[in-house]
Amino acid sequence: MALNYAQGFVLLAISCMFAVSHAETVVVGGSENWRYGFNYTDWSLKHGPFYINDTLVFKYDPPHNVYLLPNLWSFINCDFRRATLLANPTQGSGEGYMYALNNWRVYYFASSADSDCKDGMMKFFAIPLPRRFP
Ligand SMILES: *[C@@H]1O[C@H](CO)[C@@H](O)[C@H](O)[C@H]1NC(C)=O
Ligand SMILES: *[C@@H]1O[C@H](CO)[C@@H](O)[C@H](O)[C@H]1NC(C)=O
């Protein structure tokens with residue numbers, strides 16, 4: 001059965017609506033979760049790209065945590081002095097801590113516990129893109 005023009009248009013409109021409202025939930029690190037010694041830069045490059053309104057889920061045990069770092073310099077240097085605490089060491093249990101990427105900006109994530117950021121590779125950045133239309 002061939003679609004006529006009107007039916008095709010309705011299908012296209014529905015799939016566009018779906019694309020706009022559809023946002024993914026992504027567990028950071030996949031089955032590795034948020035832990036010391038896993039390369040999250042590598043993970044984010046392989047997983048990406050992320051899209052606006054996607055939600056990241058951080059699952060972890062104490063003493064790890066989740067901070068948002070203010071800029072590239074603090075990210076490179078693991079400098080938490082002007083960082084924002086998003087989730088404390090206990091918030092990663094159960095379903096994990098959820099954080100939505102609502103804006104078109106660079107998000108720098110890191111854990112500040114011990115040497116998590118410097119030696120443990122527990123940092124990555126995400127630049128969510130406007131969602132593609134099909
Ligand atoms: C993201 O979600 C907000 C609030 O639900 C919505 O207004 C906005 O259009 C969404 N943006 C995209 C790119 O889907
Ligand atoms: C982590 O992965 C990135 C991207 O693949 C790579 O450039 C970097 O050298 C890795 N870091 C370590 C400490 O292995």
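How many helices and strands are there in the protein? Colour by secondary structure and you'll find three helices and seven strands, taken as DSSP runs (H or I of at least four residues for helices, E of at least two for strands) and numbered from the N terminus. Before you go on: this is a predicted model, where local features need pLDDT of at least 70 and side-chain atom pairs count only at pLDDT 80 or more, while totals for chains, interfaces and linings use all residues. Residues are numbered from 1 along each chain as its sequence is written, and side-chain values use heavy atoms, without hydrogens and water.

Next, select W34, L56, F58, F109 and F124. In the largest nonpolar core, which has 22 residues, these touch the most other members. Such a core is a set of buried Ala, Val, Leu, Ile, Met, Phe, Trp, Tyr and Cys residues joined through side-chain atoms within 4.5 Å; buried means under 20% relative accessible area with a 1.4 Å probe, protein chains only. Among the elements that each supply at least two residues of this core are α2 (40–47) and β7 (123–126). Then pick Y67, C78, Y108 and C117: they belong to a second, separate core of eight residues.

Last stop: select T41, S44, L45, G48, P49, F50, F124, F125, A126, I127 and L129, the lining of the largest pocket. Which elements give two or more residues to this lining? They are α2 and β7.

Technical notes. Chains lettered and ligands numbered in written order. Buried < 20%, exposed > 50% of the residue type's maximum accessible area, 1.4 Å probe, protein only. 1 Å grid on protein atoms, 1.4 Å probe; cavity = no way out; pocket = protein on both sides within 12 Å on 5 of 7 lines; lining within 4 Å.
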